[in-house]
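Trainee: Please take a close look at the loops and the strands beside them. What deserves attention in the backbone and among the aromatic rings?

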Amino acid sequence: AATVTSPMGATIPSDAGKVKFSARADVPADASILLLRNGEVVAWRSGGMIEHETSRPGSYRVEVMDPRAPGTPQIPWVLSNPVFWSGPHSAPSAPAPGPVSSSPSPLPDGEWHTETSSGSRGSVSTDNAVVRFTYELAAGDPASQFAALVHDLRQPPEFSTIAFRASAAQPARVSTQLRYAQDGQRRWRRSFYVDQNEREVRIPVVRLRAAEGAGQPPSSSRATSLLLVIDLTNARPGARGRLNVSDVRLEE
C-alpha cells in the first residue's frame, strides 16, 4: 500500500495494491475539501482534512471549495496538481470497476411519497423496483407550481454523491434536492436532464447550490429528505409527465 500526501503531484508505483490519499489545508470554517478521480468527486468532507483509501487506479487531484467563491459552477479556492496511478501493468486491459458504495442504500422500496403545490397533482407507484412518479402542475398563471417525489432520510451516514438511474416519458429537466429540517427546511439543488433513454445520474453533494440564498449545504448526514422536483425553473404551468427512478444510492 502507498500513502500520498504530496501537494505538488506525484506518480504512484503501478504495483501498489491500495493507496491512501491524505490532504490537509488551512481553510475557512465553512469550506469543503474534495478528492476527484478522473474528474469525478469520489470523496468529500467539510473542513480542511480528508483521507480516502482506494484500490482504483486513475488520475487524482484535490479541490478546496469556499462558498463565497464566484462562478457557476463555483471556481475552486485551491486546486492541487494531479497524482497519477496507472495500476498494475499485468492487467492493463482490465475494465475499471463501476462506482462503489461502501454502505447500502438507505432508500428501501415503498417509502416514497409526493408533495405538491396547491392545484398540482402527483402520484407514486413501485413496479419491479422502479419508482414511477406521475405529475401534473397546476395550469394558469405562474404561482410557484411544483410537484416532488420525496424520500425522507433517517440519519444517513455522510455521503458525497447521490446516484440513481432515471428515464421519463418525455424529455425534461428535474431538480435533485436535499432538504434540511434543522436548517429551517432549506434546500440545496442541482438539475439533470432525462428522456426516454434510461441513464445513470450522479450528483456530487458539493455541486449542489442553495435554492434560496447562498452557501454550501451542511453535512449530508444531517439531510432529512431527498427530493426530485418538477417546478417552474424548468417547466411551465400545466406541465405533465412521468419520471421513472431506480437503483437509488447515497455513496460515500
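Mentor: Start with a term: strands here are DSSP runs of E, at least two residues long, numbered from the N terminus. The model is predicted. Now take the loop between β15 (172–180) and β16 (186–194); Q185 sits there. Its phi is near 65°, a positive value in a residue other than glycine. Most residues other than glycine have a negative phi. Q185 is partly exposed, because its relative accessibility is 44% and that class runs between 20% and 50%.

A129 gives a second case to examine. This residue lies in the loop between β11 (121–127) and β12 (130–136). Phi of A129 is also positive, near 70°, and again the residue is not glycine. Its relative accessible area is 41%, so A129 counts as partly exposed.

Next, the rings. The structure holds 4 aromatic pairs. One of them joins F133 and Y135: the ring centres are 5.7 Å apart and the planes meet at 35°, so this pair is tilted. F133 is buried, at 0% relative accessibility. Y135 is buried too, with a relative accessible area of 7%.

Another pair brings us back to β16. F164 belongs to strand β14 (residues 161–168) and F192 to strand β16. The partners are 28 residues apart, so the pair links distant parts of the chain. F164 is buried at 1% relative accessible area, and F192 is buried at 6%.

How values were computed. Residues numbered from 1 in each chain as written. Predicted model: local features only at pLDDT ≥ 70, side-chain atom pairs only at ≥ 80, totals over all residues. Heavy atoms only, no water. Helix = DSSP H or I, 4+ residues; strand = E, 2+ residues; numbered from the N terminus. Buried < 20%, exposed > 50% of the residue type's maximum accessible area, 1.4 Å probe, protein only. Phe/Tyr/Trp six-rings, centres within 6.5 Å; stacked < 30°, edge-to-face > 60°.
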